[in-house]
Amino acid sequence: MTFAVNTHDSWGLVQVGRYPSLEEARKVFASICDDPWYKRDGTVKGVELVQAADTAGSQRLEWFAFR
């Protein structure tokens with residue numbers, strides 16, 4: 001099982017990356033939440049951390065909204 005970090009904007013979802021451990025994914029998630037560019041940009045609405053299952057759907061673990 002892997003974990004993914006996605007951003008959401010007006011056009012849809014963009015996967016930032018897939019990570020083998022929850023700890024690594026949480027570090028990326030936290031760094032995006034604190035990144036000044038994402039906070040100022042205005043087009044990126046939020047970021048999410050999901051448990052990315054290989055067969056069924058993904059499950060959201062955390063969400064952060066920039067607005």
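Two strands are said to pair when DSSP finds at least two bridges between them. The legends below describe close-up views of a predicted model.

**View 1. Val5 faces strand β3 across the pairing of β1 and β3.** Val5 stands opposite Leu49, a residue of β3. Strand β3 covers residues 44-52 and is joined to β1 by 8 bridges in the antiparallel sense. Strands of a sheet pair through backbone hydrogen bonds, in either a parallel or an antiparallel manner.

**View 2. Four strands form an open sheet with antiparallel pairing.** The strand order is β2-β1-β3-β4. The edges are formed by β2 (12-19) and β4 (59-65), each of which pairs on one side only. From one strand to the next, the twist averages 20 degrees. Helix α1, residues 22-34, packs on this sheet and touches β1, β2, β3 and β4. The direction of α1 makes about 175 degrees with that of β3.

**View 3. Thr7 is a buried residue of strand β1.** Strand β1 comprises residues 2-9. Thr7 counts as buried because its relative accessibility is 8%, and buried means under 20%. Beyond residues up to four places away in sequence, Thr7 touches several others, including Gly12, Val16, Tyr38 and Val47.

**View 4. Val47 is a buried residue of strand β3.** Its relative accessible area is 0%. With neighbours within four places in sequence left aside, the contacts of Val47 include Val5, Asn6 and Thr7, as well as Phe29, Ile32 and Cys33. Glu62, Trp63, Phe64 and Phe66 are also in contact with Val47. Val47 and Val5 are 42 residues apart along the chain, and their C-alpha atoms are separated by 7.1 Å.

Technical notes:
Residues are numbered from 1 along each chain as its sequence is written. This is a predicted model: local features need pLDDT of at least 70, side-chain atom pairs count only at pLDDT 80 or more; totals for chains, interfaces and linings use all residues. Side-chain values use heavy atoms; hydrogens and water are left out. Helices (H or I, at least four residues) and strands (E, at least two) are DSSP runs, numbered from the N terminus. Buried means under 20% relative accessible area, exposed over 50%, partly exposed in between (1.4 Å probe, protein chains only). Contact means heavy atoms within 4.5 Å. Axes are lines fitted to C-alpha atoms, for helices over the stretch in contact, and angles run from 0 to 180 degrees between N-to-C directions.
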